Amino acid sequence: MSTPPPATAPVPADVVEIERVLTRIAYLAGRARQHERLMTLAGLPLDRAAVAILRHLAESESLRPGVLAVRMSVEASHVTRQLRQLERLGHVIRIPDPDDGRAQRIQLTDSGLAAVNRIRDVSRRGMEVALADWSSEDLRHLAALFHRLVDDFVTHAEVAVDLGTSAWRPPVVPLTAQEPGRT
């Protein structure tokens with residue numbers, strides 16, 4: 001059994017509520033059923049990881065696969081598998097890296113851009129329905145706060161969280177010869 005981290009000052013209630021709501025939003029947005037519905041409405045046979053790659057490529061210039069993996073915070077092998085699928089579907093192509101002739105970059109094709117645009121359109125229309133009763137002012141305010149939140153998360157992503165005066169580590173439980181099933 002793990003030992004809990006040492007007690008520290010309580011987290012403010014507002015921060016607790018924000019974390020709770022963001023967790024719920026992430027759950028709702030990431031559900032498999034939601035993704036399947038989005039793909040059905042967009043008319044595309046893509047899994048969530050492939051969609052994330054297409055969206056990322058649409059927001060940037062061509063990238064090396066390794067750089068794409070780092071930016072998405074995933075393993076390079078994960079990106080490589082998805083890129084093969086996207087290449088087979090004609091959504092991405094590999095092009096020579098102008099900075100290094102030995103390397104390749106990944107670039108969206110017209111088909112890939114069209115797929116991203118269909119996904120965005122369906123997603124935005126669903127959001128429009130959900131937020132139909134919100135005022136334009138509330139929507140602008142929410143968008144501004146989300147931008148600020150994301151910017152602050154990115155700024156602080158690599159900052160260590162202080163869990164107290166000493167760093168908490170899970171206890172090491174030695175295995176002994178007396179444990180059942182061990183020799």
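At what angle do H3 and H5 pack, and how far apart are their axes? The angle is about 85°, and the axes lie 10 Å apart. This is a predicted model. The protein has seven helices and two strands.

**The protein overall**

- Starting at the N terminus, the order of elements is α-α-α-α-α-β-β-α-α.
- The protein has 183 residues, and 21% of them count as buried.
- Its exposed surface comes to about 13900 Å². Carbon and sulfur atoms supply 57% of that area.
- Take the contacts with a separation of 6 or more: 53% of them join residues 24 or more positions apart.

**Helix H3 against helix H5**

- Two numbers describe a pair of packed helices: the angle between the axes and the distance between them.
- For H3 and H5, the angle is about 85°. Angles of 65 to 115 degrees count as roughly perpendicular, so H3 is roughly perpendicular to H5.
- H3 brings Ala49, Ala50, Ile53 and Leu54 to this contact.
- H5 brings His78, Val79, Gln82, Leu83, Gln85 and Leu86.
- The residues of this contact are seven nonpolar, three polar and no charged.

**Helix H3 against helix H6**

- H3 covers residues 48-58, and H6 covers residues 110-130.
- These two helices pack at about 105°, with axes 10 Å apart. That angle makes H3 roughly perpendicular to H6.
- On the H3 side, the contact uses Val51, Leu54, Arg55 and Ala58.
- On the H6 side, it uses Ala115, Val116, Ile119, Arg120 and Ser123.
- Here the residues divide into six nonpolar, one polar and two charged.
- Leu54 of H3 takes part in the contact with H5 and in the contact with H6.

**Helix H4 and its buried face**

- Which residues of H4 are buried? They are Pro65, Leu68 and Ala69, in a helix that spans residues 65-72.
- Look down the axis of H4: the buried residues fall within an arc of 100°, so they line one face of the helix.
- An α-helix has 3.6 residues a turn, so residues three or four places apart point the same way.

- Serine 73 sits in the loop between H4 and H5, just after H4.
- Most residues other than glycine have a negative phi.
- Serine 73 is not a glycine, yet its phi is positive, at about 60°.
- Is serine 73 buried or exposed? It is exposed, with a relative accessible area of 67%.

**Serine 62: a buried loop residue**

- Serine 62 belongs to the loop between H3 and H4.
- Its relative accessible area is 17%. Buried means under 20%, so serine 62 is buried.
- Which residues does serine 62 contact, leaving aside its neighbours within four places in sequence? They are Ile95, Arg105, Ile106 and Gln107.

**Aspartate 110: an exposed helix residue**

- Aspartate 110 is part of helix H6.
- Its relative accessibility is 70%, so aspartate 110 counts as exposed.
- Aspartate 110 and histidine 91 are 19 residues apart along the chain. Their C-alpha atoms are separated by 7.3 Å.

Key. Residues numbered from 1 in each chain as written. Predicted model: local features only at pLDDT ≥ 70, side-chain atom pairs only at ≥ 80, totals over all residues. Heavy atoms only, no water. Axes fitted to C-alpha atoms, helices over the stretch in contact; angles between N-to-C directions. Helix = DSSP H or I, 4+ residues; strand = E, 2+ residues; numbered from the N terminus. Parallel < 35°, antiparallel > 145°, perpendicular 65-115°, else oblique. Contact = heavy atoms within 4.5 Å. Nonpolar A, V, L, I, M, F, W, Y, C, P; charged D, E, K, R; others polar. Buried < 20%, exposed > 50% of the residue type's maximum accessible area, 1.4 Å probe, protein only. Areas by Shrake-Rupley, 256 points an atom, 1.4 Å probe, with all protein chains shown as cover. Arc of directions from axis to C-beta.
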